[in-house]
Amino acid sequence: MRIVTEHLSYIYNERSPFATRALDDVSLTVEEGEFFGIIGHTGSGKSTFVQHLNGLLRLPSALKRRAKRGDTVLTVGEFDLADRKTDLRALRRKVGMVFQYPENQLFAETVFDDVAFGYKNFADGKPSQEETEAAVRDALTTVGLDYEAVKEVSPFELSGGQKRRVAIAGVIVTKPELLVLDEPAAGLDPLGKQEIMELLHTLHSSWCKTVVIVSHDMDEIAENCTRVAVFAEGRVKYVLPPRELFKRTEELLALGLDVPLTAKLTLALKKRGVEIDSDFTLEDFAEKVLARRRTC
Amino acid sequence: MKALEFSDVSFSYGEEGFALKKLNFSVEEGEFVAILGHNGSGKSTLARLADGLLTADEGEIRVFGELLTEKNLFDIRKDVGIVFQNPDSQAVASLVEDDVAFGAENVGLERGEIGRRIDFALRAVGMESYRTATISRLSGGQKQRVAIAGVLALKPRVMILDESTAMLDPRGRKEIIEVVRKLNEEEGITVLLITHFMEEALLCHRAVVMNRGEIVMQDAPANIFRRREELLTYNLALPRIEVLCNRLREGGIPVTDALEIETLAEEIAKCVS
């Protein structure tokens with residue numbers, strides 16, 4: 001699903017002493033098929049932005065919008081979110097949203113019930129037992145769990161990484177076309193992180209054509225994303241592929257953001273008169289350094 | 001002097017086998033030790049035993065030479081402070097100073113002394129200007145610093161951080177690590193840092209790797225990360241810089257294992273120009 005945003009602003013607690021401008025005139029387009037990254041500090045507006053994508057936060061009314069800088073546009077695939085009559089249920093079936101620490105949202109007595117909840121909730125009419133079972137089996141298998149082994153187990157008895165998989169299964173069970181994840185790998189051990197990222201790639205190449213991740217881990221961003229949006233103080237500072245973005249290491253560091261290891265090294269080498277032009281993945285960086293060595 | 005000493009300590013949570021198996025482990029006073037291990041390897045169990053939140057099934061635990069028993073538990077907890085993972089679930093009060101005072105009030109310190117302890121603790125974590133702030137309005141890193149201050153107000157000699165940086169953003173993580181390093185260097189507090197971030201372990205004097213309730217490796221961090229194959233068998237990943245170094249070595253660039261960006265850049269530069 002293609003996401004088009006123009007002139008999007010959002011203020012929390014508007015017209016109160018606690019009013020905070022979280023988004024300030026954001027324009028951003030994500031193409032269908034991308035593995036899109038969003039980075040920025042805590043409080044930069046990332047989460048506020050992604051919560052608009054499935055209608056959890058709504059645009060202000062048309063009257064208020066007209067008074068602003070330009071016409072606010074927000075479309076996700078065929079859904080126009082500026083239109084108050086948009087069918088949010090249909091939208092949410094197609095836009096899966098995985099929050100931070102999604103395992104905190106597990107609630108049912110068995111893994112099966114937990115994953116089935118979303119499916120039943122979003123199905124047209126009442127799905128048959130067979131349909132539900134097939135969907136749940138499919139979702140659990142896709143996230144790498146053994147359906148027969150876990151279906152009757154309480155989700156609370158699983159390990160951290162497994163819980164997170166169950167939570168993701170509960171979202172992808174409706175086969176969303178767009179999957180949005182807020183820090184999908186946070187808090188996991190290094191192996192768990194790696195496995196979650198592999199899972200996202202599997203999903204990207206099968207069910208969910210477009211994936212948007214919010215992340216603080218710049219190495220993760222450099223290794224995985226097609227393009228990256230940098231949020232700062234409610235605005236979009238850059239939208240670039242990692243290869244271009246991390247050439248601006250100094251600007252990013254000035255914004256108080258981190259950069260991947262490869263970018264730090266590229267900068268340190270540049271100071272020593274060695275220019276390495278890589279796409280900032282570890283593999284490519286090492287390759288370019290080694291190629292440089294062979295030619296001298 | 002040994003700050004912590006575990007002798008043949010075993011512990012299990014019910015019937016599900018051992019969480020810790022005949023563990024022998026000690027930490028010198030003033031040391032800064034990282035504890036690594038995948039989820040479920042026994043790291044947090046070790047932390048909770050050291051603070052008396054759990055009681056060992058077998059074996060002895062000594063804190064500054066004194067045997068940990070149910071009788072001296074409360075005294076020993078003044079020496080051993082622990083900070084947990086979630087910045088949102090550790091505060092007991094709504095204002096910073098009330099929260100920092102909680103532990104000190106609990107052990108019955110007199111009022112003036114509590115005030116001085118709050119000053120000291122907030123200064124140590126760089127939060128003195130937030131004394132009367134509302135905790136719920138702070139960032140994750142700031143909340144964790146308040147949690148650390150609450151522990152510091154008891155003037156502990158050992159501080160255990162049980163994945164206290166796991167839920168923070170990079171800036172928050174840096175804040176915490178800097179505070180902890182400073183406490184270790186300037187106040188001489190012994191630190192046990194339980195973490196999943198291999199980069200954080202690089203800053204410690206010694207790294208300890210746990211697997212299935214046992215200590216399987218302990219050495220200087222650089223030495224630990226040199227034993228790549230072994231780490232992988234314990235489901236641990238190498239720090240990225242080490243992965244890169246390995247990759248360069250395979251390709252014929254003889255980098256050392258300084259594991260530091262500027263040094264590595266210097267070595268690469270020498271080799272390619």
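Predicted model: local features only at pLDDT ≥ 70, side-chain atom pairs only at ≥ 80, totals over all residues.

Chain B contains eleven helices and ten strands.

**Overall form of chain B**

The C-alpha atoms of chain B occupy a box of roughly 65 × 45 × 35 Å along the principal axes. A compact globule of 273 residues would have a radius of gyration near 19 Å, and the 20 Å of chain B therefore agrees with that expectation. Of the 273 residues, 45% count as buried. When contacts in chain B between residues at least 6 apart in sequence are considered, 65% of them join residues at least 24 apart.

**Contact between the chains**

How many residues of chain B are in contact with chain A? There are 33, and they meet 31 residues of chain A. On the side of chain B that touches chain A, the elements giving two or more residues are helix 6 (170-186), helix 10 (240-250) and helix 11 (261-272) of chain B. Helix 11 of chain B gives the most, with eight residues. By class, this side of chain B has 18 nonpolar, ten polar and five charged residues.

| Helix pair | Angle | Axis distance |
|---|---|---|
| Helix 7 (residues 160-172) and helix 8 (residues 190-204) of chain A | about 20° | 10 Å apart |
| Helix 3 (residues 96-106) and helix 5 (residues 140-152) of chain B | roughly 35° | within 7 Å |

In chain A, the angle of about 20° between helix 7 and helix 8 falls under 35 degrees, and the two helices are therefore roughly parallel to each other. Their crossing is right-handed. Helix 7 of chain A contributes G160(A), G161(A), R164(A) and I172(A) to the contact, while helix 8 of chain A contributes G192(A), E195(A), I196(A) and L203(A). By class, this contact has three nonpolar, three polar and two charged residues.

In chain B, the crossing of helix 3 and helix 5 is right-handed. From helix 3 of chain B, the residues V96(B), D99(B), V100(B), F102(B) and G103(B) meet V146(B), A149(B), G150(B) and V151(B) of helix 5 of chain B. The residues of this contact divide into six nonpolar, two polar and one charged.

**Helix 1 of chain B and the glycine that follows**

Is helix 1 (residues 43-50) of chain B mostly covered or mostly open? Helix 1 of chain B is mostly covered, since seven of its eight residues are buried. The buried residues are K43(B), S44(B), T45(B), L46(B), A47(B), L49(B) and A50(B).

After helix 1 of chain B comes G52(B), which has a positive phi, near 75°. G52(B) is placed in the loop between helix 1 and strand 4 (58-63) of chain B. Is G52(B) buried or exposed? Because G52(B) has 20 C-beta neighbours inside 10 Å, it counts as buried; the cut-off for a buried residue is 20 or more.

Setting aside residues up to four places away in sequence, G52(B) touches L68(B), L73(B), I76(B) and R77(B). The C-alpha atoms of G52(B) and D79(B) are separated by 11 Å, and the two residues are 27 residues apart along the chain.

Note on methods:
Residues numbered from 1 in each chain as written. Chains lettered and ligands numbered in written order. Axes fitted to C-alpha atoms, helices over the stretch in contact; angles between N-to-C directions. Helix = DSSP H or I, 4+ residues; strand = E, 2+ residues; numbered from the N terminus. Parallel < 35°, antiparallel > 145°, perpendicular 65-115°, else oblique. Left-handed = near helix turned anticlockwise from the far one by under 90°. Contact = placed C-beta atoms within 7 Å. Nonpolar A, V, L, I, M, F, W, Y, C, P; charged D, E, K, R; others polar. Rg over C-alpha atoms; globule rule 2.2 N^0.38 Å. Buried ≥ 20, exposed ≤ 12 C-beta atoms within 10 Å, placed from the backbone.
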